[in-house]
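Thanks for coming. I will walk through one model, a few residues and helix pairs at a time.

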Amino acid sequence: MHTLAERRSRSWLTVRGARRVPQITVVFWIIKGLSTAMGESASDYLVHVLPPVLAVLLGFAGFTVALIVQFALARYVAWAYWLAVVMVGTFGTMAADVLHVGLGVPYLYSSVLYAVALAAVFGTWRATEKTLSIHSIDTPRREAFYWAAVVATFAMGTALGDFTAATLRLGYFASAAVFAALIVLPAIGYRWLRWSPILSFWFAYVLTRPLGASIADGLGKPAGAGGLGFGDGPVALVLGVLILVLVGYLAVTRTDAQPPGRTDPV
């Protein structure tokens, strides 16, 4: 029989103090980049092989189930966390594309809209919890703010990547080069200019989305559209296998489990 403490530890409403997101390591950024690219490719593949409405509904269902599993565990578990990230990436891409493809909203406007939404999430989160640190995410409410921010970053990043590639006509790989250069800024700022670790993290986190999406589109889209023509499906499959390998490594080694009591300055 389980003790009362053990039963409580299985309840997401009673587990308090357990970290619900991973430590930030090199592997974290690699998987984050792969997941953003996979989300782009998987979304584009699904809306072309399935009726678009059905594809969006399936994406939303997968996104919802993944978040339910993540919240139910009430602590960081590698496979559940990264499943949620992948599903956020897939559905976030669909949400951004619906505004442009379905409603005709220009990428510039959708980028601004999602940027405003992200700012609203950050503002509400900061006002409520007094910090945006990922090292403080140890309650359901804080985790809800975290995933709201993640969804907004994916949607904004998708629109922003499409804006540079299509509206500004830079193409996929030139767009990827721009975002790769920009993502160096928070690393420099944190390392040498004493930027806040929280600002540096979210700055880089936002930019991984358009960077990964631009690379995925460059690999998957046909040559006539500026890509290499490997196909969205095969690109998504290869990226998925790489993610599985790396997440399996983290699940076994637990090298990304956050130590207790870690905090960042606000």
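Is Trp195 buried, partly exposed or exposed? Its relative accessible area is 28%, so Trp195 is partly exposed; buried means under 20%, exposed over 50%, and partly exposed in between, with a 1.4 Å probe and protein chains only.

Before going further, some notes on the source. This is a predicted model, where local features need pLDDT of at least 70, side-chain atom pairs count only at pLDDT 80 or more, and totals for chains, interfaces and linings use all residues. Residues are numbered from 1 along each chain as its sequence is written, and side-chain values use heavy atoms, with hydrogens and water left out.

Back to Trp195. This residue sits in the loop between α8 and α9; helices here are DSSP runs of H or I with at least four residues, strands are runs of E with at least two, and both are numbered from the N terminus. Setting aside neighbours within four places in sequence, Trp195 contacts Leu185, Pro186, Gly189, Tyr190, Ser200 and Phe203, where contact means heavy atoms within 4.5 Å. Val178 is 17 residues from Trp195 along the chain, and their C-alpha atoms are separated by 21 Å.

Helix α7 covers residues 172-182 and helix α8 residues 184-192; their axes come within 4 Å and cross at roughly 10 degrees. Axes are lines fitted to C-alpha atoms, for helices over the stretch in contact, and angles run from 0 to 180 degrees between N-to-C directions. α7 and α8 are therefore roughly parallel to each other. The cut-offs are under 35 degrees for roughly parallel, over 145 for roughly antiparallel, 65 to 115 for roughly perpendicular, and oblique for the rest. In this contact, α7 supplies Ala180, Ala181 and Leu182, while α8 supplies Val184, Leu185 and Pro186. By class, that contact has six nonpolar residues, no polar and no charged. Nonpolar here covers Ala, Val, Leu, Ile, Met, Phe, Trp, Tyr, Cys and Pro; charged covers Asp, Glu, Lys and Arg; the others, Gly among them, are polar.

Now helix α2, which I will follow through two pairings. Which helices are at an angle of about 45 degrees, with axes 8 Å apart? They are α2, residues 26-49, and α9, residues 197-220. That angle makes α2 oblique to α9. The crossing is right-handed; that is, the near helix is turned clockwise from the far one by less than a right angle, and a left-handed crossing is the anticlockwise case. Among the residues in contact are Lys32, Thr36 and Glu40 of α2 and Arg209 of α9. The contact of α2 with α9 divides into eight nonpolar, six polar and five charged residues.

The other pairing is with α10. The axes of α2 and α10 come within 8 Å and cross at roughly 150 degrees, which makes α2 roughly antiparallel to α10. This crossing is left-handed. The contact has 17 nonpolar residues, four polar and two charged.

Arg209 lies in helix α9 and counts as buried, at 0% relative accessibility. Its contacts beyond four places in sequence include Lys32, Glu40, Thr93, Thr153 and Phe154. Val26, in helix α2, counts as exposed at 64% relative accessibility.

Beyond four places in sequence, Tyr81 touches residues including Phe28, Tyr146 and Trp147.

Last, two backbone points. Ala74 is not a glycine, yet has a positive phi of about 60 degrees. Ala74 is in the loop between α3 and α4 and is buried, with a relative accessible area of 1%. Arg254, also not a glycine, has a positive phi of about 55 degrees. Arg254 lies in the segment after α10 and is partly exposed, at 48%.
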